[in-house]
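Hello,

Here is the structure I promised to pass on to you. Have a look at it first, and then read on for what turned up in it.

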2 protein chains.
Amino acid sequence: MTPPSPFQEEVYAVLPFLRTAPAALHEAFFARAIRTEVPAGRYLCMEGDRCLHLPIVLSGSARIYKSGWQGREITLYRLEPGDSCILTASCLIGNHDFPAFAVTETDVVAALIPAASFHRWLGEYEAWRTYVFGLLWNRLIEIISLVEEVTFRRMDARLAEHLLKLTEGGPGAIHATHEALADELGTAREVVSRILKEFERQGWVTLARGLIQVCDPHGLLGKARQG
Amino acid sequence: MTPPSPFQEEVYAVLPFLRTAPAALHEAFFARAIRTEVPAGRYLCMEGDRCLHLPIVLSGSARIYKSGWQGREITLYRLEPGDSCILTASCLIGNHDFPAFAVTETDVVAALIPAASFHRWLGEYEAWRTYVFGLLWNRLIEIISLVEEVTFRRMDARLAEHLLKLTEGGPGAIHATHEALADELGTAREVVSRILKEFERQGWVTLARGLIQVCDPHGLLGKARQG
């Protein structure tokens, strides 16, 4: 047995099921998958694009978002290592146009699976079906949670929670503009600025240009839990 | 060839692909599918339930919704004839609990597909995969549109559009409480009542207990298009 190539090692790290997959799927995967590197800040897909490959992220992250009236945006989900863009998969399956925007947030390494192989493996390999349906399921649940969040929760609670996510729950510095935070949560910059000023008045954060310093994570947590 | 049974005719009407499906899928479908009738107002699934069957709606409609803080609700989507509950499918696939509520709005006739058959056919029949992935795709797109709608649109525009949907774009009577309209759109009853009063002041609707009379659909349309 030849030892795994560096590309195989990269893939195994995020798709462990491939290690134990049927030899035929394993062979087909590495015969068809194309390794690609994409720098940060590059559009992977624009709304209305046709998709030719399914990208599986090996390292880095990409943001999938919708853009709305008056330049507002909302993040639908992120692709992290092991994720694949299920909207792309759905486009490949149904021969539809891509319904959102996808942009790399960091340098990304991905394995591209050609549309024809993606399709054929769905019929041929249980392990591949399980992987693809698992992705679909997780995204559906994530997007339904987003509907809940946007519908039922107050923006101040959502922003408090988002700040805590960025500092991993502790005190810390967040390098982000109010605009970027607004685009994450689907609101206007003015709304974010107003809420941050209130958080500052409460002593939970201090604000400087392009910088939010979380100094009282407990205060933010209390706000996040209010609804 | 024996003529189709009444059940087969019902199924063909909503799943035309079965007429031309491989004989083996056709045979398996009618050997396994169970015809069931559910009266209006019955819960099909509660949040946290385990699903044992995939229901395919043959007639009637069911509402899939999330329930939030303070008794608020929002409709995620509806099952109409030919639809199947893709959240149920996802639960079957991933062995998860059902993440929402499903309730019949009218009397419903459905064909129930046992989980094991649903799974087996995904591996065996291209036509079945195409049907199931098509459902998944449509729901994902619908739920992403809902995220957009809730995030970017004003409630008065959404309510105007919803009233027009209920009267099919024309003038007409809507028998619904303000509470039911609020639960549809994910807001509070008071918000719906306030907006409806404003619509009445504009002369677009007249209000009575449990009744909204749309008298100026053009006025509502203008509001719906404002954002």
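Before the first finding, one term: residues are in contact when they have heavy atoms within 4.5 Å. With that in mind, 100% of the interface residues of chain B are also interface residues in chain A, so the copies meet through the same surface. Please keep in mind that this is a predicted model.

How are the two copies arranged? Chain B is superposed on chain A by a rotation of 180 degrees, with 0.0 Å of shift along its axis and an RMSD of 0.0 Å. The two chains are thus related as by a two-fold rotation axis.

Next, some helix packing in chain A. Helix α6 (residues 155-166) of chain A packs with helix α7 (residues 178-185) of chain A at an angle of about 110 degrees, and their axes are 11 Å apart. That makes α6(A) roughly perpendicular to α7(A). Their crossing is right-handed. On the α6(A) side, the contact is made by A:M155, A:R158, A:L159, A:H162, A:L163 and A:L166, while α7(A) brings A:L181, A:E184 and A:L185. Sorted by class, the residues of this contact are 6 nonpolar, 1 polar and 2 charged.

The helix α6(A) also packs with helix α8 (residues 189-201) of chain A, at an angle of about 75 degrees and with their axes 10 Å apart. These two helices are therefore roughly perpendicular to each other. Here A:M155, A:D156, A:L159, A:A160 and A:L163 of α6(A) meet A:V191, A:V192, A:I195, A:L196 and A:F199 of α8(A). This contact of α6(A) with α8(A) has 9 nonpolar, no polar and 1 charged residues.

Now over to chain B. Its helix α2 (residues 23-32) packs with helix α4 (residues 115-124) of chain B at an angle of about 170 degrees, with their axes 11 Å apart. So α2(B) and α4(B) are roughly antiparallel to each other. The residues that make the contact are B:L25, B:A28, B:F29 and B:R32 of α2(B) and B:S117, B:R120 and B:W121 of α4(B). They divide into 4 nonpolar, 1 polar and 2 charged.

Finally, the aromatic rings: the count comes to 25 aromatic pairs over all chains. One of them joins B:Y12 and B:F30 edge-to-face, at 6.1 Å centre to centre and 85 degrees between the planes. This pair links distant parts of the chain, with B:Y12 in helix α1 (residues 6-14) of chain B and B:F30 in α2(B), 18 residues apart.

Enjoy exploring!

Best wishes

Note on methods. Residues are numbered from 1 along each chain as its sequence is written. Chains are lettered from A and ligands numbered from 1 in the order in which they are written. This is a predicted model: local features need pLDDT of at least 70, side-chain atom pairs count only at pLDDT 80 or more; totals for chains, interfaces and linings use all residues. Side-chain values use heavy atoms; hydrogens and water are left out. Copies are superposed by least squares on the C-alpha atoms of residues with pLDDT of at least 70 in both. Axes are lines fitted to C-alpha atoms, for helices over the stretch in contact, and angles run from 0 to 180 degrees between N-to-C directions. Helices (H or I, at least four residues) and strands (E, at least two) are DSSP runs, numbered from the N terminus. Angles under 35 degrees count as roughly parallel, over 145 as roughly antiparallel, 65 to 115 as roughly perpendicular and the rest as oblique. A crossing is left-handed if the near helix is turned anticlockwise from the far one by less than a right angle, and right-handed if clockwise. Ala, Val, Leu, Ile, Met, Phe, Trp, Tyr, Cys and Pro count as nonpolar, Asp, Glu, Lys and Arg as charged, and the others, Gly among them, as polar. Rings of Phe, Tyr and Trp (its six-membered ring) pair if their centres lie within 6.5 Å; planes under 30 degrees apart count as stacked, over 60 as edge-to-face and the rest as tilted.
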